[in-house]
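Here is a friendly walk through one model, moving from charged pairs to strands, core and rings. Please keep the viewer open as you read.

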Amino acid sequence: MHNLIEFLKNHFHWIVFLLLESAGAILFFQFNDYQASVWFTSANEFTATLDKVYSDLASYVSLGKVNRDLTARNIMLQRQVTQLREILESEGEDSLALDEKQRRALDGFRLIPATVTSNSITKVNNFIVIDRGEADGIRSEMGVVSGGGIVGIVFLTGPHYSLVMPVLNSKSRISCRIRGHRFFGYLGWDGGNPLVATLSDVPRYARFKVGDYVETSGYSSVFPPGLFVGRIINIGNSSDGLSFRVKVHLSTDFANLRDVCVIANPAKPEIDSLQVRAQEMEQPEQ
């Protein structure tokens, strides 16, 4: 209380000045219609500007969630288109039967949205860090995709972050097929151009052309079939001449990668367990 009294004594003249100025402004605008209208118009414009700035900030903050939702939706649409195309090619059925097969084909796959926090494209073995980890259900060897196409496979996991081995890593090998032909090979990266990868081990009897699409084959528990990978831009031979080496223009823009989804397949642990058992059975007894 003593400090307040001292403050009022020391600044009494300024307080009186501000009170008189405020009273004068109120009387001025209250008894002068023109000045009052100018004041209220300016005040309304200022308020509207603040509201717009707040609205723009709120919209910007929500863009991250919107992008994640769109990424997940785009991935699911890719999967649906592939399944519908395969069903229509294999047999003609009524729409209810198609809907039921489509629903069964999508069962078991869950998309976990994530954001890229660290990325590189200039090294021989690049890695990506995402902001989801074991606490979010992420496990090693889960597939990672973006709205544009496949990204890579989860390599290591922590409680809240994970390390992803992308296509742009010399050790990455992902089973892919040529859309509409069912010829498949393994997608790898030779370094250099971050937009071009190589599909190797494509059989010599395969018939396809430049411009054909490449997608995931589904021959593993990591990626479901039909996820977009890119388009063929060049067809060459392997060093031994026994297979094709196909250059693929990747659909994923790794230089501007931000929103991704991790694909969780609940059936994967069972599949992995069967594979481990099969390997153990193949080992000779000592």
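D201 is partly exposed, with a relative accessible area of 41%; here buried means under 20% relative accessible area, exposed over 50%, and partly exposed in between, computed with a 1.4 Å probe on protein chains only. The model is predicted, so local features need pLDDT of at least 70 and side-chain atom pairs count only at pLDDT 80 or more, while totals for chains, interfaces and linings use all residues. Residues are numbered from 1 along each chain as its sequence is written, and side-chain values use heavy atoms, with hydrogens and water left out.

**Salt bridges**

D201 forms a salt bridge with R173, a term that requires a side-chain nitrogen of Lys or Arg within 4 Å of a carboxyl oxygen of Asp or Glu. Because D201 lies in strand β8 and R173 in the loop between β5 (162-166) and β6, the pair ties together parts that are 28 residues apart in sequence. Helices (H or I, at least four residues) and strands (E, at least two) are DSSP runs, numbered from the N terminus. By the salt-bridge rule the count comes to seven, and three of them are set out here.

| D201 | R173 | 3.6 Å |

E215 is buried, with a relative accessible area of 1%, whereas R179 counts as partly exposed at 24% relative accessibility. R177, R179 and E215 are linked in a network of salt bridges.

R245 counts as partly exposed, at 31% relative accessibility.

**Strand pairing**

Strand β8 (residues 196-203) is mostly covered, as seven of its eight residues are buried. Three bridges join β8 to strand β7 (residues 184-188), and the two run antiparallel; strands pair if DSSP finds at least two bridges between them. L187 has L199 as its bridge partner in β8. β8 also pairs with strand β11 (residues 243-250), in the antiparallel sense over six bridges, and V196 stands opposite H249 in β11.

β9 (residues 213-216) pairs with strand β6 (residues 174-178) in the antiparallel sense over three bridges, with V214 in β9 as the bridge partner of I178. β9 and strand β10 (residues 228-237) are likewise antiparallel, over three bridges, and Y213 stands opposite R231 in β10.

**The nonpolar core**

Which residues touch the most other members of the largest nonpolar core? Of its 43 residues, these are I150, L187, L199 and V202; such a core is a set of buried Ala, Val, Leu, Ile, Met, Phe, Trp, Tyr and Cys residues joined through side-chain atoms within 4.5 Å. Strand β12 (residues 259-264) gives the most to this core, with five residues. L187 touches, among others, I150, V167, L199, V229 and V248, not counting residues up to four places away in sequence; contact means heavy atoms within 4.5 Å.

**Aromatic pairs**

The structure holds six aromatic pairs. F184 and Y186 form one of them, edge-to-face at 6.5 Å centre to centre with 80 degrees between the planes. Rings of Phe, Tyr and Trp (its six-membered ring) pair if their centres lie within 6.5 Å, with planes under 30 degrees apart counted as stacked, over 60 as edge-to-face and the rest as tilted. F184 is partly exposed at a relative accessible area of 33%, and Y186 is partly exposed at 32%. F208 and F244 form another edge-to-face pair, 5.6 Å centre to centre and 85 degrees between the planes. This pair links distant parts of the chain, with F208 in the loop between β8 and β9 and F244 in strand β11, 36 residues apart. Both F208 and F244 are buried. Ring pairs also link F184, Y186 and Y219 into a cluster.
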